Amino acid sequence: MGAQLRIVRRRIRTVQSTKKITRAMELIASSRIVKAQQRVEASRPYAIQLTKAMEDLARQTGAVQHPLLEDREEPTKAGVLVLTSDRGLAGAYNANVLKVAESVIREVRSRGLEPVLYTIGKKGIGYFRFRGIPMRERWQGISEVPPYEEAERIGRTLIKDFADEEIDELYAAYTDFRSAFTLRATAQRFLPIAPEEVTGKGLGVVHAEYLFEPEPDEILDHLLPQYVVTKVYAALLESAASENAARRRAMKAATDNAEDLIKILTRQANRARQDEITTEIMEIVGGAESMAAVSEG
Amino acid sequence: MTLEVHVVTPEREVWSGQATEVIAHGVDGDVGILSGHAPLLVHLAVGPLQIQVEDGTWLKAVVDGGFLHVSTEEGSSRVDVLATNAQLETEIDVPAVTRRLEELRSTADGADDERVKTEIARAEARIALSDSR
């Protein structure tokens, strides 16, 4: 076998095994998207009802007042929560959300505030560490299948830092899962909670006999932090679904590329083989002719 | 007249259906809700949740704190139990919880760790529920 043919065949084998891996990762990501989507769906009833309870409370008590709802008069530090993945091979997923995070950081700096980073996911941690940007907290190992307990832990940490005035505002950069085809890296303000989020449309019946146990203020003390935790959890779930969608897309593209490459390489291999055969026949014919010429002579 | 009951946690809907009565454990004491109850918002402690289903049987569950919200619209009442975590009686693995509780008690001797305390309270609520049947 000719040297060229051997090289081409070896490359075909390499590309084929790569294709098998990317194809497997594509399938795994597909099944995880479905699960992640189900988790997003399953978390909705709670979030909706919690918001309703809060709106009711706000409506009944008139003007609600709570430290978590109030803009600080002279903010000096702004927390930025960045949700990235632990693993790569997800196309531009991490790059996009980090771009949004950077623009939030720039915006915060332009207002004269010091950004304080909270990073979820190895990719984000690596990104900021490489740039020498300090992080106040970092979490990893939860991005693909985020458990609720972790969301609660992260949420409580953020609320505590806000209460202790370690941060005066909090923004979150994460990826919104619109559909398997539309992922949007986005930024949202988590703290202080915008009062209109709590009061809702404001229309509704005020019941004179509305009961609260304990007092509305005390309930609010628990309701608002729970609301923040729920938002952190929702952002984690949306990001997990997005991560898997991005990974599936990236792996599908890689599989398709591998297929194209195999096609091209197979053609090259065939041509090399045919060339070899042609050369061989030419040699035989040439040899036979010269033999004939000798015997005739 | 029945109540429309939904027991939800951030992770899933634990139970939903029609009921005649709901008894929950609030931080300021137990609350019982029948149809037509005034709108209500209660902060729940770790403890049992009892729901009398339409056929008269009681459905028991344990709630790890949260809120109970009663809203009345056009005469029909709706009860939403928003729990941080909740388990139906049938979902509780009693031997496992008992083991975990012993483990917690032995390690947390006198320790003032808030998280351990909460976990002990949660485990105790589960065992109390299974004992009461």
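**Charged pairs and the chain contact**

Okay, let's start with a group in chain A: Arg32(A), Arg87(A), Glu144(A), Glu243(A) and Arg247(A) are joined up in a network of salt bridges. Before I go on, please keep in mind that this is a predicted model. Searching the whole structure, over all chains, turns up 27 salt bridges.

I've picked out a few pairs. Take Asp168(A) and Arg72(A), which form a salt bridge with their closest N and O atoms 2.9 Å apart. This pair links distant parts of the chain, 96 residues apart: Asp168(A) is in the loop between α4 and β4 of chain A, while Arg72(A) is in the loop between α1 and β1 of chain A. Are these two buried or exposed? Asp168(A) has 5% relative accessibility, so it counts as buried. Arg72(A) has 22%, so that one counts as partly exposed.

Next, a pair inside one helix. Lys252(A) and Asp256(A) both sit in α6 of chain A, four residues apart, or about one turn of the helix. Their closest N and O atoms are 3.3 Å apart, and they form a salt bridge. Lys252(A) is partly exposed at 41% relative accessibility, and Asp256(A) is partly exposed too, at 31%.

Over to chain B, where Arg100(B) and Glu119(B) meet through their side chains in a salt bridge, 2.9 Å from N to O. Arg100(B) is in helix α1 of chain B and Glu119(B) in helix α2 of chain B, so this pair ties together parts 19 residues apart in sequence. Arg100(B) has a relative accessible area of 33%, which is partly exposed, and Glu119(B) is partly exposed with 33%.

Now for the interface. How many salt bridges run across the interface of chain B and chain A? Zero, by the rule used here. What we do get is six residue pairs in polar contact between chain B and chain A. On the side of chain B that touches chain A, the elements giving two or more residues are β4, β5 and β6 of chain B. By class, that side has 13 nonpolar, six polar and six charged residues.

The contact draws 25 residues from chain B and 26 residues from chain A. Together the two chains bury about 2,300 Å², with 65% of that on carbon and sulfur atoms.

Strand β6 of chain A runs parallel with β4(B) over three bridges, and Glu213(A) has Val42(B) as its bridge partner in β4(B).

Methods
Residues are numbered from 1 along each chain as its sequence is written. Chains are lettered from A and ligands numbered from 1 in the order in which they are written. This is a predicted model: local features need pLDDT of at least 70, side-chain atom pairs count only at pLDDT 80 or more; totals for chains, interfaces and linings use all residues. Side-chain values use heavy atoms; hydrogens and water are left out. Contact means heavy atoms within 4.5 Å. Buried area is the accessible area (1.4 Å probe) that two parts lose on being put together, summed over both. A salt bridge is a side-chain nitrogen of Lys or Arg within 4 Å of a carboxyl oxygen of Asp or Glu. A polar contact is a pair of N or O atoms within 3.5 Å; within protein, one must be able to donate a hydrogen and the other to accept it, and residues adjacent in sequence count only if both atoms are side-chain atoms. Ala, Val, Leu, Ile, Met, Phe, Trp, Tyr, Cys and Pro count as nonpolar, Asp, Glu, Lys and Arg as charged, and the others, Gly among them, as polar. Two strands pair if DSSP finds at least two bridges between them. Buried means under 20% relative accessible area, exposed over 50%, partly exposed in between (1.4 Å probe, protein chains only).
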